[in-house]
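Reader: I am new to this structure. Could you walk me through how its descriptions are reached?
Author: Gladly; let us look together.

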Amino acid sequence: MQPLIDTADGLAELLPSLLASRRIAIDTEADSLHSYFEKLCLIQISVPGRDILVDPLAGFSLAPLYDSFEGRELILHGADYDLRLLRRSGFAGPSRIFDTMIAARLCGLTEFSLAALILKYFNLQLAKGSQKADWARRPLPPQMSEYAVTDSRYLIQLAEIFEAELRRLGRWDWFEQSCERAITASGVTRERDPDQLWRISGSSALAPRASAILRALWLWRDHEAQGVDRPAFHILHNEQLVDAADRFDKGINVDFHHLRGSRRQRFIDAAQAALAMPESDWPQIVRKTRVRSAPDWDARFRAYRQKRDAAAAEFRLDPSLIAPKAILEKLATDSTETAAQLLPWQRAALGV
């Protein structure tokens, strides 16, 4: 069983190993599948010869740990989520990262999940049993501890493999640019548009009044989930919300057997309030419009797509890694402003 560091003294004992390492492999676990208010539940750390689990829920300061990261390259797989979690727990952010997912994609791999890479390079099939586990659970069961350390244990070796391949391919600069952007992006707070949150899958097919009901039910569900600190889907799934809104709008009975007592009454009250809402207060219909703005827009879009696809074929890369469709559409509208959003290697591939 992997020991869990849950005291300041235990953390102090770990620090010399980290300070002696140029590269530190890191992964994290959170409880978003079990709580409304997501929190960092586990930090997995690997350095040569040692795998460590740190317990952020134990109440001691993580500042010495984050200080030890200063000046070192952090190796992560799909860094954005982990960095955002760490930032929320007091980490100021890294100076350098090595994102093994970015590296795998720039090497041309089409299967780039951590499990796929560990299988490919180490012939090890990762167990999936703990993927949806409650990481806030204490004590941490042995199988969960072992699953957790596997997520960081192979990252240093993967980084060595991919660094050699990226340099061989002449794409090391591409990789460094991509990792720099990942660091910057992780420090930007994502603003959520409150008028878009309730527009879940299936909502666009609803009648106008049903959309007002769905919005009310979504807000009801969000309030209920916050009240019990459980994910929203524990209250009702998205498809159930959409179906309920449609049924209320059509005067058809709505009955979810697991909604009882005061919660059921609040559910009905939310729907009834939306039914009584004047048409002027119904949500505005959102229609997606194409970004074209000139007669030759289609020709410019096709030209950019052809350049991108030709470059992707030459480099044996996923075309979306060079530029997704949305970027090509924006380039066809305003190439100067949009090109500035691309990395230098992407601009070179597109000739912009």
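Author: This is a predicted model. A word on terms to begin: axes are lines fitted to C-alpha atoms, for helices over the stretch in contact, and angles run from 0 to 180 degrees between N-to-C directions. With that in hand, helix H9 (residues 208–228) and helix H10 (residues 238–250) pack with their axes 8 Å apart, at an angle of about 135°.

Reader: What makes H9 oblique to H10?
Author: Angles over 145 degrees count as roughly antiparallel and 65 to 115 as roughly perpendicular. The angle here is about 135°, so H9 is called oblique to H10. The crossing of H9 past H10 is right-handed.

Reader: Which residues of H9 and H10 meet?
Author: From H9 come Arg209, Ala210, Ile213, Leu214, Leu217, Trp218 and Arg221, and they meet residues of H10 including Leu241, Val242, Phe248 and Asp249. The residues of this contact between H9 and H10 divide into ten nonpolar, one polar and four charged.

Reader: Why is Cys179 called buried?
Author: Buried means under 20% relative accessible area. Cys179 has 3%, so it counts as buried. Cys41, at 0%, therefore counts as buried too.

Reader: What do the buried residues of H14 pack against?
Author: In helix H14 (residues 325–333) the buried residues are Ile327, Leu328, Glu329, Leu331 and Ala332. They pack against helix H12 (297–315), helix H15 (335–339) and helix H16 (344–350).

Conventions. Residues numbered from 1 in each chain as written. Predicted model: local features only at pLDDT ≥ 70, side-chain atom pairs only at ≥ 80, totals over all residues. Heavy atoms only, no water. Helix = DSSP H or I, 4+ residues; strand = E, 2+ residues; numbered from the N terminus. Parallel < 35°, antiparallel > 145°, perpendicular 65-115°, else oblique. Left-handed = near helix turned anticlockwise from the far one by under 90°. Contact = heavy atoms within 4.5 Å. Nonpolar A, V, L, I, M, F, W, Y, C, P; charged D, E, K, R; others polar. Buried < 20%, exposed > 50% of the residue type's maximum accessible area, 1.4 Å probe, protein only.
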